[in-house]
Amino acid sequence: MAADEQEPAIVAPAAERTISDVETLKALSDPVRLRILETMIQAPDDAWTVKRIAAALGVGPTKLYHHIGILEEHAFIHPAGTRVVSGIIETRYRIAQLSVRLDRSLLAGGTTDENAAAVNDVIRSIFDTVSEDVSRAMRSGEMRLDAAGEPSRGILRQDLTRLSPARAEELRTRLTDLLNEFEGDADGEDDATAVPFGLLVALYPVTDTREEPTDD
């Protein structure tokens, strides 16, 4: 190791982190910061420079320093060493956790307006990011529509169905089990042909419109 390089002990990323405060949640409410984490999670054992992250996102490094600082402040990433490059100290970062979940208190019905706004911002950022990813995949040809109008190499589908509480819970459980089965698939990680896929699943109740409004 060169004299001008500093390497702290390697800390493996945590398997999961639960967010229970609104300020940490707000750190995730920006699409750029979500992109940074998505980029780093593809190589969770690597030490990433801002320059490398910027190249992966196709933006200039100066646009990321603010976001990197917020992610570090809220422990989504942590420093993994420094080195001097052309007289400038360059910091490398590692991702701190492989997945994130929200504490039930942030999603409770009696949550504050600030909590609700932060949750809505995160949801909006997630859907905006997914929309950009799908559009990019369509434009690049990675995802094409077949003769039946279905996308290849992926699924793009929205349904409205009616389920009893028991059937809804069964569907939720089976979807969760399936996602867990393919999450961090060891075979996929070892396969040289493996490529990253994005995945967004949402199961949620909607307003029941069967009853006609009264004249009252």
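Colleague: How much space lies in the second largest pocket, and what makes a set of points a pocket?

Modeller: In this predicted model, about 270 Å³ of space lies in the second largest pocket, the volume being that filled by probe spheres set on grid points joined across faces, edges and corners. The term applies because a pocket is an open set on a 1 Å grid over the protein atoms alone, with protein on both sides within 12 Å along at least five of seven lines.

Colleague: Which residues line the second largest pocket, and which elements supply at least two of them each?

Modeller: The lining has 13 residues, with Tyr65, Ile88, Ile89, Glu90 and Thr91 nearest the centre; a lining residue has an atom within 4 Å of a point. Helix H3 (50-57), strand E3 (77-85) and strand E4 (88-95) each give at least two residues, and E4 provides the largest share, 5 residues. Helices (H or I, at least four residues) and strands (E, at least two) are DSSP runs numbered from the N terminus.

Colleague: Why is proline 13 called buried?

Modeller: Its relative accessible area is 19%, and buried means under 20%, exposed over 50% and partly exposed in between, with a 1.4 Å probe and protein chains only. Proline 13 therefore counts as buried. This residue is in the segment before strand E1 (17-19).

Colleague: Which residues is proline 13 in contact with, leaving aside its neighbours within four places in sequence?

Modeller: Contact requires heavy atoms within 4.5 Å, and proline 13 has such contacts with Pro44, Asp45, Ile95, Ala96, Gln97 and Leu98. Isoleucine 95 is 82 residues away along the chain, yet its C-alpha atom is separated from that of proline 13 by 6.3 Å.

Colleague: Why does phenylalanine 127 count as partly exposed?

Modeller: Phenylalanine 127, in helix H6 (residues 113-140), has a relative accessibility of 44%.

Colleague: What do Ile123, Ile126, Phe127 and Leu200 form on the surface?

Modeller: These four residues form a nonpolar patch with about 330 Å² of accessible area together, by the Shrake-Rupley method with a 1.4 Å probe.

Colleague: What rules apply to the numbering and the values?

Modeller: Residues are numbered from 1 along each chain as its sequence is written, and side-chain values use heavy atoms, without hydrogens and water. Local features need pLDDT of at least 70 and side-chain atom pairs 80 or more, whereas totals for chains, interfaces and linings use all residues.

Notes: Patches are made of residues with over 30% relative accessible area and no salt bridge: like charges are joined within 9 Å, nonpolar side chains (Val, Leu, Ile, Met, Phe, Trp, Tyr) within 5 Å. A salt bridge is a side-chain nitrogen of Lys or Arg within 4 Å of a carboxyl oxygen of Asp or Glu. On a 1 Å grid over the protein atoms alone, a cavity is a set of points where a 1.4 Å probe fits but cannot get out, and a pocket is an open set with protein on both sides within 12 Å along at least five of seven lines; lining residues have an atom within 4 Å of a point.
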